[in-house]
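Welcome! Have a look at it, and then we will walk through some of its features by topic.

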Amino acid sequence: MMWQFNHIYIEKDIKDHPRTADILEKCRANGIFYIDRYMDIFGRKKQDIHFQMKHRSLILAKATGELLYRGSPMCQDYGRREFYYTSLMKNCLYDCEYCFLKGMYDCGYLVVFVNIEDVFDSVEKKLSEIDKGQTMYLSVSFDTDLFSFEKMTGYCHLWAQFAAAHPDCEIEVRTKGAPDIDKIIEPSESGSELTDTSNFITAFTLSPQHLIEKFEHHTAPLSERLASAKAAIERGRTVRLCIDPMIYVKDWEEYYGELVDLIASSLDLERVRDFGIGTFRISKEYLKRLRAAESNSEATQYPFVTDGGYAGYPERLKAQMLDFLKKKLQDAGVPGEKIYIS
């Protein structure tokens, strides 16, 4: 598979990095340019995100400074006190109207940090500092859909290898795609089976098909996400299901009720590790830019309320939506202790 880009920008410091060469072999572009720092391109103000998403450029860079962060209070920690995230990419192939990335960044170009080994070192250092008996929960795909870039980067397989070697670290990769998890975790060219990757968690974000078509552009249809999750479960992989964020629309109860019914009829719920549910919420500052980027979107123009710097649905509506979804899941046979609410 060859990836086509408008331009490719490469930081001079990593132009000779072996992963840079590997990625370039898989890409075509109208021009390749060498730059000092990726923020010289990515950090410019008043860029046209939608134009840039239609005319993609790729930036290859080196991640520097702090490489590991405490998990956001807006995100579910799944009962883990030691909750962190890291980012090896910025931006996504998909185009979800409500995506917080459109509020976080002014640029629609893709950034890949090629020095994943430095990130591994940071995670190992943090693991050595954590109290004995504690398990780290590490999300590695907050700022992108890492699975969708696997043929370019191979990062999901590398994280699976890292998980196999570090049983005290649970690694979550979240997706709105339909990846072949088995082939990614154990690609045929590796020649050997990973001993235990039960701590490598594939988290499928599931939405009603009506909302996928309305808001989640270029993502996999619900049927394909469920088929991917089913195949992973049947091969003994660790699967988490996330109905998050719930988006308020007319007849939302009907759409989300049908979603749960379809999940229950498609998957063995007893073999799903757990479920994460939540309603739309976003930083107040990000919301301003998101609304500017998606000025005609029903998902972003709702009259949200702000509390503690975060914007979301009014408390009564939020509770109604979460209570409805939790009850539907429990009625389908999911134990309450396996449902985590953000």
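A salt bridge here is a side-chain nitrogen of Lys or Arg within 4 Å of a carboxyl oxygen of Asp or Glu. With that in mind, a search of the whole structure turns up 28 salt bridges. Please remember as you read that this is a predicted model.

**Salt bridges**

- As background, side chains of opposite charge can pair when their charged atoms come close.
- Asp95 and Lys102 give one example, with their side chains joined in a salt bridge at 2.5 Å from N to O.
- Asp95 is buried, because its relative accessible area is 14% and buried means under 20%.
- Lys102, the partner of Asp95, is also counted as buried, at 5% relative accessibility.
- Arg240 and Asp274 form another salt bridge, with 2.6 Å from N to O.
- This pair connects distant parts of the chain, since Arg240 belongs to strand E13 and Asp274 to strand E14 (residues 274-279), 34 residues apart.
- Are Arg240 and Asp274 buried or exposed? Arg240 is buried, with a relative accessible area of 1%, and Asp274 is buried too, with 5%.
- Asp274 also meets the side chain of Arg273 in a salt bridge, at 3.4 Å from N to O.
- Arg273 counts as partly exposed, with a relative accessibility of 30%.

**Aromatic pairs**

- How many aromatic pairs does a search of the whole structure find? The search finds 23 of them.
- Phe120 and Phe162 make up a stacked aromatic pair, with 4.9 Å from centre to centre and 20° between the planes.
- The pair counts as stacked because its planes are 20° apart, and planes under 30 degrees apart are given that name.
- Distant parts of the chain are linked by this pair: Phe120 sits in helix H5 (residues 116-129) and Phe162 in helix H7 (residues 155-165), 42 residues apart.
- Phe120 is counted as buried, at 14% relative accessibility, and Phe162 is buried with a relative accessible area of 5%.
- Elsewhere to look, ring pairs tie Tyr69, Tyr78, Phe83, Tyr85, Tyr137, Phe142 and Tyr340 together in a cluster.

**A charged patch on the surface**

- What kind of charge gathers in the surface patch that includes Glu254? The charge is negative, and the patch consists of Asp251, Glu253, Glu254 and Glu258.
- Glu254 lies in helix H11, which covers residues 252-266.
- Glu254 counts as partly exposed, with 45% relative accessibility.

**Backbone details**

- Lys46 has a phi near 55°, a positive value in a residue other than glycine.
- You can find Lys46 in the loop between helix H2 (39-42) and helix H3 (49-54).
- Lys46 is exposed because its relative accessibility is 84%, and exposed means over 50%.
- His218 has a positive phi as well, near 75°, and is likewise a residue other than glycine.
- The loop between strand E12 (216-217) and helix H10 (222-234) is where His218 is placed.
- His218 is exposed, with a relative accessible area of 63%.
- Between Asp244 and Pro245 the peptide bond is cis, with omega near 10°.
- Pro245 falls within strand E13 (residues 238-246), the strand that also holds Arg240 of the salt bridge to Asp274.

**Across the chain**

- Gly133 and Glu25 are 108 residues apart along the chain, and their C-alpha atoms are separated by 43 Å.
- Where is Gly133 placed? Gly133 is in the loop between H5 and strand E9 (136-139).
- Gly133 is counted as exposed, at 74% relative accessibility.

Note on methods: Residues numbered from 1 in each chain as written. Predicted model: local features only at pLDDT ≥ 70, side-chain atom pairs only at ≥ 80, totals over all residues. Heavy atoms only, no water. Patch = residues over 30% accessible without salt bridge, like charges linked within 9 Å, V, L, I, M, F, W, Y side chains within 5 Å. Areas by Shrake-Rupley, 256 points an atom, 1.4 Å probe, with all protein chains shown as cover. Lys, Arg positive; Asp, Glu negative; His and termini not counted. Charge placed at Lys NZ, Arg CZ, Asp CG, Glu CD. Helix = DSSP H or I, 4+ residues; strand = E, 2+ residues; numbered from the N terminus. Buried < 20%, exposed > 50% of the residue type's maximum accessible area, 1.4 Å probe, protein only. Phe/Tyr/Trp six-rings, centres within 6.5 Å; stacked < 30°, edge-to-face > 60°.
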